[in-house]
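Take a look at the model below. Then follow the text through it, one part at a time.

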Number of protein chains: 2
Amino acid sequence: MSGTLHSEAYAEFQRRLREAREAAGLTQTEVAEALGLPQSFVSKSETGERRVDALELARFAGLYERRLDWFIPKLD
Amino acid sequence: MSGTLHSEAYAEFQRRLREAREAAGLTQTEVAEALGLPQSFVSKSETGERRVDALELARFAGLYERRLDWFIPKLD
DNA sequence: CCGCGAATATCCCATTATGGGATATCCCGT
DNA sequence: ACGGGATATCCCATAATGGGATATTCGCGG
């Protein structure tokens with residue numbers, strides 16, 4: 001199922017991840033610091049260089065104040 | 001952040017993943033077939049042998065009829 | 001246009017995770 | 001204790017990841 005990373009659904013997911021961060025008025029560096037991770041981690045998460053697992057998404061969602069569902073592209 | 005897989009939070013997450021499946025009255029094999037994946041995939045997801053990314057969780061959640069938030073252990 | 005500093009993306013590659021068919025185990029009703 | 005369904009483990013070639021360092025892009029003031 002790993003291959004799914006480069007599907008349209010993932011692309012949309014990544015787009016939302018970025019959109020939510022920007023809407024929250026945060027830079028990747030700020031998010032990185034808040035989570036105690038390197039900036040490249042945030043960048044990779046948003047560009048699809050790496051997968052974002054369930055609990056990681058939950059942390060992003062918390063920071064951005066969004067429900068988890070908000071990030072999931074509906075249908076396929 | 002990968003290391004987090006063996007944290008208490010993940011353990012709880014995995015517990016819920018299984019709980020939801022059982023509550024839905026499905027076996028790992030049935031879920032596997034529904035998702036077009038091997039049974040070992042479902043087993044590994046529930047035992048923490050592998051990470052469950054955001055979109056994968058969404059598929060499980062769909063099958064089990066649960067909100068994504070339901071799977072996320074609150075706090076810490 | 002040019003220059004800067006901030007913001008974001010890429011490199012690199014040793015280390016670690018993953019896929020999934022096959023097989024072993026576990027679990028439980030009878 | 002047996003039968004068989006349900007779940008866990010094996011194995012290991014292949015693919016993903018981490019993260020500091022570095023490159024690139026983006027705005028914007030002058």
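The paragraphs below go from single helices to salt bridges and then to the meeting of the chains. Keep in mind that this is a predicted model.

Start with helix α2 of chain B, which covers residues 28–35. Which of its residues are buried? They are Gln28(B), Val31(B), Ala32(B) and Leu35(B). These residues span an arc of only 100 degrees around the axis, so they sit on the same side of α2(B). The spacing has a simple background. An α-helix has 3.6 residues a turn, so residues three or four places apart point the same way. What do the buried residues of α2(B) pack against? Their partners are α1 (8–23), α3 (39–47) and α4 (54–64) of chain B.

Now step past the end of that helix. Gly36(B) follows α2(B), and its phi is positive, near 70 degrees. Pro38(B) sits in the loop between α2 and α3 of chain B. Its relative accessible area is 49%, so Pro38(B) is partly exposed.

Turn to chain A and its helix α3, residues 39–47. Here the buried residues are Phe41(A), Val42(A), Ser45(A) and Glu46(A). Seen down the axis, they fall within an arc of 125 degrees, so they line one face of α3(A). They pack against α1 (8–23), α2 (28–35) and α4 (54–64) of chain A. After α3(A) comes Gly48(A), with a positive phi near 80 degrees.

Next come the salt bridges. Over all chains, the structure holds 16 of them. In chain B, look at Glu46(B). Its side chain meets that of Arg18(B) in a salt bridge, 3.1 Å from N to O. This pair links distant parts of the chain: Arg18(B) is in helix α1 of chain B, Glu46(B) is in helix α3 of chain B, and they are 28 residues apart. Arg18(B) is partly exposed, at 31% relative accessibility. Glu46(B) is buried, with a relative accessible area of 5%. Glu46(B) also forms a salt bridge with Arg21(B), where the closest N and O atoms are 2.6 Å apart. Arg21(B) is in helix α1 of chain B, 25 residues from Glu46(B). Both Glu46(B) and Arg21(B) are buried.

Arg50(A) pairs with Glu56(A), the closest N and O atoms being 3.0 Å apart. Both of these residues are buried. A network of salt bridges links Glu8(A), Glu12(A), Arg15(A) and Arg16(A).

Finally, see where the chains meet. How many residues of chain B are in contact with chain A? There are 20, and they touch 20 residues of chain A. The two chains bury about 1800 Å² between them, 71% of it on carbon and sulfur atoms. There are 4 salt bridges across this interface. In one salt bridge, Arg67(A) joins Asp69(B), with the closest N and O atoms 2.9 Å apart. On the side of chain B that touches chain A, α1 and α4 of chain B each supply at least two residues. The largest share, 6 residues, comes from α4(B). That side divides into 14 nonpolar, no polar and 6 charged residues.

End at Asp53(B), in the loop between α3 and α4 of chain B. Is Asp53(B) buried or exposed? At 2% relative accessibility, it counts as buried. Its side chain reaches the backbone nitrogen of Leu55(B) at 2.9 Å. Leaving aside neighbours within four places in sequence, Asp53(B) is in contact with Tyr10(A), Arg51(A), Val52(A), Asp53(A) and Ala54(A).

Key. Residues are numbered from 1 along each chain as its sequence is written. Chains are lettered from A and ligands numbered from 1 in the order in which they are written. Side-chain values use heavy atoms; hydrogens and water are left out. Buried means under 20% relative accessible area, exposed over 50%, partly exposed in between (1.4 Å probe, protein chains only). Helices (H or I, at least four residues) and strands (E, at least two) are DSSP runs, numbered from the N terminus. The arc is that of the directions from the helix axis to the C-beta atoms. Contact means heavy atoms within 4.5 Å. Buried area is the accessible area (1.4 Å probe) that two parts lose on being put together, summed over both. Ala, Val, Leu, Ile, Met, Phe, Trp, Tyr, Cys and Pro count as nonpolar, Asp, Glu, Lys and Arg as charged, and the others, Gly among them, as polar. A polar contact is a pair of N or O atoms within 3.5 Å; within protein, one must be able to donate a hydrogen and the other to accept it, and residues adjacent in sequence count only if both atoms are side-chain atoms.
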